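Here are my notes on the two-chain packing, as promised. Have a look at the model first, then read on.

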Amino acid sequence: MLLAFDWTQLAQQIVIGLASGGVWATLAVALVLIYRSTGVVNFAQGEMAMFSTFIAWSLVHHGLSYWAAFALTIAISFLGGAAIERAVIRPVERAPVLTVVMVTLGLFFVVNGAARWLWTPETRSLPNAFSTRPIDVAGVAFSIQDLGTIAVSLGAVFLLWLFFRFTKLGLASRAAAVNPEASRLLGVRVSWMLALGWGLAAALGAVSGMLTAPALASFDQNLMQPVLLYAFAGAVLGGLDSALGAVVGTMLLGVLINLLGTYVDWIGTELRLPVALAVILGVLLFKPTGLFGRVSAWRV
Amino acid sequence: MRQRALGTALWLLLAVAVLVVYVLAPRFVSDFHTRDLAHAGVFFIAIVGLNLLTGYTGQISLGHGALMAVGGYTTAALVVHEHWRDVWTIPLAGVAAGIVGFLIGLPALRLSGLYLALATFAFAVAMPSLLKKFSGLTGGGQGLRLLEQAPLQVTGLSGTVTLFGHSTSQNHFLYYLTWGIGLVGFLIAWLIVRGRLGRTFRAVRDSEVAAASAGIDLARAKTTAFAISGVYAGVAGALLAIQSEIVNPLSFTFLLSILLLVGTVVGGLGSLPGMVLGALFIQYLPDLSTHVSTAQGVPDFVFGAAIILVMILLPMGAGGLLRRLAEPLTTRLYTRP
């Protein structure tokens with residue numbers, strides 16, 4: 001039995017898992033960005049990413065190439081995300097957590113409704129960003145699409161890290177997230193930093209959506225709902241306040257779910273989502289800070 | 001002394017007015033709309049329970065739809081598999097969901113705020129897949145059909161229901177049943193909130209540290225709140241199953257959980273009368289927004305925009321508004337000259 005075990009298949013399944021994990025990672029990092037700056041989980045993040053994907057579809061439909069549409073959509077999404085923050089999050093900036101959560105739930109309905117209003121409910125598809133041709137690495141065939149997806153999503157997260165680490169604006173927005181009062185005294189426009197965070201999160205979400213859609217034969221307005229849940233699970237696994245944690249968490253989750261789905265018959269494809277949700281519950285119960293999160297402590 | 005007598009008289013008047021509205025409301029709407037009112041009653045019961053948990057104890061739950069599923073499936077399973085009469089299953093559905101609520105409350109002891117919202121949300125999202133997986137008991141994706149599989153156990157099937165020698169149509173029966181249970185549930189919730197337990201809940205909400213220092217057993221208070229809230233959700237789920245005569249995984253998606261939290265917050269956290277408005281909001285707003293335009297997506301858009309507007313303009317919900325309007329009246333009544 002053990003001899004018949006197919007190592008090639010295992011390697012392939014791990015790469016497929018990493019590819020889906022990579023797509024979830026971009027959305028998970030978007031969640032972390034907003035969690036760190038606003039202190040809430042944005043339940044509308046997936047719908048915003050879905051909306052971006054539909055913008056990309058329209059652009060491709062009007063004759064743009066995939067990558068041109070990709071770049072343009074990211075720019076539009078950035079502006080859209082910042083505009084949403086200005087319009088609906090700013091008025092509740094100082095409200096309790098639950099109020100802000102309710103606003104993001106309201107956004108969920110608004111964005112989903114708008115997408116179904118503007119684009120008819122028929123299913124549609126995006127062209128493949130990468131060729132689906134397999135390439136041979138050490139005797140194992142991997143699809144270029146999977147490897148490309150991993151590269152693009154990790155690349156996007158890496159660019160974002162460079163921005164936060166090495167630019168003055170990045171420093172200012174990190175400062176605004178850690179200590180709003182002191183930053184304000186030092187001349188950082190804290191409120192605009194929130195808008196910047198929402199814009200960047202929307203842009204990252206757009207990347208996630210545009211990588212999710214081509215992998216599917218067809219997609220509709222519910223495209224990103226499962227992705228959001230996997231991103232939640234991965235972000236919680238890594239620690240909600242750590243971007244690195246979100247990447248590692250979603251990648252681990254992608255591999256875990258793909259391997260369980262392949263090798264455990266009882267789970268198959270229908271229980272993949274509950275496995276992710278069980279991960280959320282398990283992590284929250286036994287290590288609420290996740291793998292990389294900071295332990296929060298406060299003085300009474 | 002006269003002030004107190006006046007206060008009591010006003011309360012009595014209010015109670016009588018509520019009873020009169022309860023009894024007479026179906027006379028002013030069509031039979032069909034009575035059914036909508038009965039459906040709003042299901043929401044009312046569920047969000048009164050959710051308010052005890054979220055509004056009074058400060059524990060956010062985005063998983064109450066799943067607790068309603070426990071109640072609904074308990075009723076359906078007892079009717080279909082055990083041939084119980086549908087209305088007699090309601091207490092058991094409440095108990096079953098209460099136990100599950102207690103069990104959810106155990107992990108909640110370690111979590112607070114947003115993390116608890118996420119954990120309960122995970123529970124709500126997982127519920128439909130679990131219901132499909134354990135198809136022996138739940139009928140899988142098809143669900144359980146009360147009317148087809150156990151028609152004799154469905155009350156009011158013949159179109160009329162005779163109660164105490166007084167016959168009503170099925171829709172009126174469902175209305176009186178749901179809102180009757182709703183009023184009793186409201187009264188119980190009101191007594192809980194006014195009493196020792198309610199003070200304990202509010203202490204936990206306002207400051208866990210202060211509550212613990214005052215000798216309150218946090219674990220017990222939180223799990224109690226979850227269990228009580230679960231009973232309400234279970235009863236609401238049972239009534240939903242009786243009204244729709246079918247339960248399937250699609251009746252209890254995470255959207256139901258979101259809807260319940262929306263109703264509670266819009267109605268006003270920490271305000272029980274506000275829950276009537278919250279229930280009417282989530283029952284009628286989706287319908288009303290189809291009047292704006294019936295185009296795909298527009299109703300959802302309007303619904304979401306309404307939630308955002310309420311949160312920005314009335315952060316304390318309708319209950320906060322009610323309280324502010326009633327304030328001049330109540331302060332005059334209760335202040336000594």
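How many residues of chain B are in contact with how many of chain A?

1. Chain B puts 35 residues in contact with 39 residues of chain A, where contact means C-beta atoms, placed from the backbone, within 7 Å. Bear in mind that this is a predicted model: local features need pLDDT of at least 70, side-chain atom pairs count only at pLDDT 80 or more, and totals for chains, interfaces and linings use all residues. Residues are numbered from 1 along each chain as its sequence is written, with chains lettered from A and ligands numbered from 1 in the order in which they are written.

2. On the chain B side, α5(B) gives the most, with 13 residues. Helices here are DSSP runs (H or I, at least four residues), numbered from the N terminus. That side divides into 26 nonpolar, 5 polar and 4 charged residues; Asp, Glu, Lys and Arg count as charged, Ala, Val, Leu, Ile, Met, Phe, Trp, Tyr, Cys and Pro as nonpolar, and the others, Gly among them, as polar.

3. Axes are lines fitted to C-alpha atoms over the stretch in contact, and angles run from 0 to 180 degrees between N-to-C directions.

4. Within chain B, α3 (residues 64–82) and α11 (residues 218–244) pack at about 55 degrees, with axes 6 Å apart. The contact residues include B:Gly71 and B:Gly72 of α3(B) and B:Gly234 and B:Gly237 of α11(B). By class, there are 12 nonpolar, 8 polar and no charged residues.

Definitions and conventions
Helices (H or I, at least four residues) and strands (E, at least two) are DSSP runs, numbered from the N terminus. Two residues are in contact if their C-beta atoms, placed from the backbone, lie within 7 Å.
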